[in-house]
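Student: Could you show me how to read a few features of a protein model? I would like the general idea, then the case at hand.

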Amino acid sequence: VVGLAASSLASAALAGGDAAPNSAHPSIEWQLDGSLLVTGVSLLAVGRGMDATPKFVPPAGLDRGDVHWSFDRGRIGKCDTRANNESDYARDAAVAYPLVVAFVSQPSGTRTSGTLRRAIAYQEAVLIAGGMVALIKNSADRPRPYTYLPIDQRPDDPAYDVTSREAFQSMPSGHTSASFCAAGFAMTDYLLSWPEAGWLERAGVPFVGGMLAGMTAAMRVEAGKHFPSDVIVGGVIGTSSGVAVPLVHHYLGAD
């Protein structure tokens, strides 16, 4: 999917040829960018400095009655280990997507510099979203769905170890947050960079990013690693950061 999107954007860039004056790039202002980077790193450091508190999980599993929302309770029992592995691939593709779009859509003379500018802003968005996720994960101490299963129904896989701290870091979903941060950044950056782009590109860039992020979120729930509410909150955090960071930057016309 990423390859098809990249090839279509590359074709559009080549077809544009001399359309470089219609493109723009984010300006790097070290006061703004330094503040955003420091904020992201600080949030991440504080969040990771905290630790989720493991609870004792009896052989029968935790009490399902402690899960307040019925749409969350209804997902208990889904533990697809294949979906767990594939969610990593979907997340990785989603995270790479904004830089792929940036690289292939830039005029040939500015591909490296333009992509590097965007990489700085993108890193800021990723750090802020990741920091928020770490803070909430390690303060909420929410058990993952598989901790509510009897021992004979849990997958025999280290990723489903109920004695680990990771088993109590369900809220929010880090995979989903990273994927939606990427989708939000790719969409906003492309719209700001190419204000005169056609409707197909304007719709296609967010569609592909959203599809990759949505696949990641769905797989995390199917894998039994997260409740639906976990991926909703992760998606909100990631999208907010991915959209907000490009918006606070000034986009300048290409030289």
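Student: Is arginine 144 buried or exposed?

Tutor: This is a predicted model, and in it arginine 144 has a relative accessibility of 3%. Arginine 144 therefore counts as buried, because buried means under 20% relative accessible area.

Student: Which residue does arginine 144 form a salt bridge with?

Tutor: Here is the general idea: side chains of opposite charge can pair when their charged atoms come close. In this case the partner is glutamate 166, with the closest N and O atoms 3.2 Å apart. The pair links distant parts of the chain, 22 residues apart, with both residues in the loop between helix 5 and helix 6. Glutamate 166 counts as partly exposed, at 29% relative accessibility.

Student: How many salt bridges does a search of the whole structure find?

Tutor: The search finds 9. One of them joins the side chains of arginine 82 and glutamate 86, at 2.9 Å from N to O. Both residues belong to helix 4 (residues 81-105), and their spacing of 4 residues is about one turn of the helix. Arginine 82 is exposed, with a relative accessible area of 59%, whereas glutamate 86 is partly exposed at 29%.

Student: And what about arginine 91 and aspartate 92?

Tutor: Their side chains also meet in a salt bridge, 3.1 Å from N to O. Arginine 91 is partly exposed at 24% relative accessibility, and aspartate 92 is partly exposed at 41%.

Student: Which residues are linked in a network of salt bridges?

Tutor: Look for Asp72, Arg142 and Asp230, which are linked in such a network.

Student: Let's turn to helices. How do I read a pair of them?

Tutor: Two packed helices are described by the angle between their axes and the distance between the axes. The crossing of helix 2 past helix 5 is left-handed.

Student: Finally, which residues make the nonpolar surface patch?

Tutor: Trp69, Phe71, Ile232 and Val236 make the patch, which covers about 420 Å². You can find valine 236 in helix 8 (residues 228-247).

Student: Is valine 236 buried or exposed?

Tutor: Valine 236 has a relative accessible area of 51%. That makes valine 236 exposed, because exposed means over 50%.

How values were computed:
Residues numbered from 1 in each chain as written. Predicted model: local features only at pLDDT ≥ 70, side-chain atom pairs only at ≥ 80, totals over all residues. Heavy atoms only, no water. Patch = residues over 30% accessible without salt bridge, like charges linked within 9 Å, V, L, I, M, F, W, Y side chains within 5 Å. Areas by Shrake-Rupley, 256 points an atom, 1.4 Å probe, with all protein chains shown as cover. Salt bridge = Lys/Arg side-chain N within 4 Å of Asp/Glu carboxyl O. Helix = DSSP H or I, 4+ residues; strand = E, 2+ residues; numbered from the N terminus. Buried < 20%, exposed > 50% of the residue type's maximum accessible area, 1.4 Å probe, protein only. Left-handed = near helix turned anticlockwise from the far one by under 90°.
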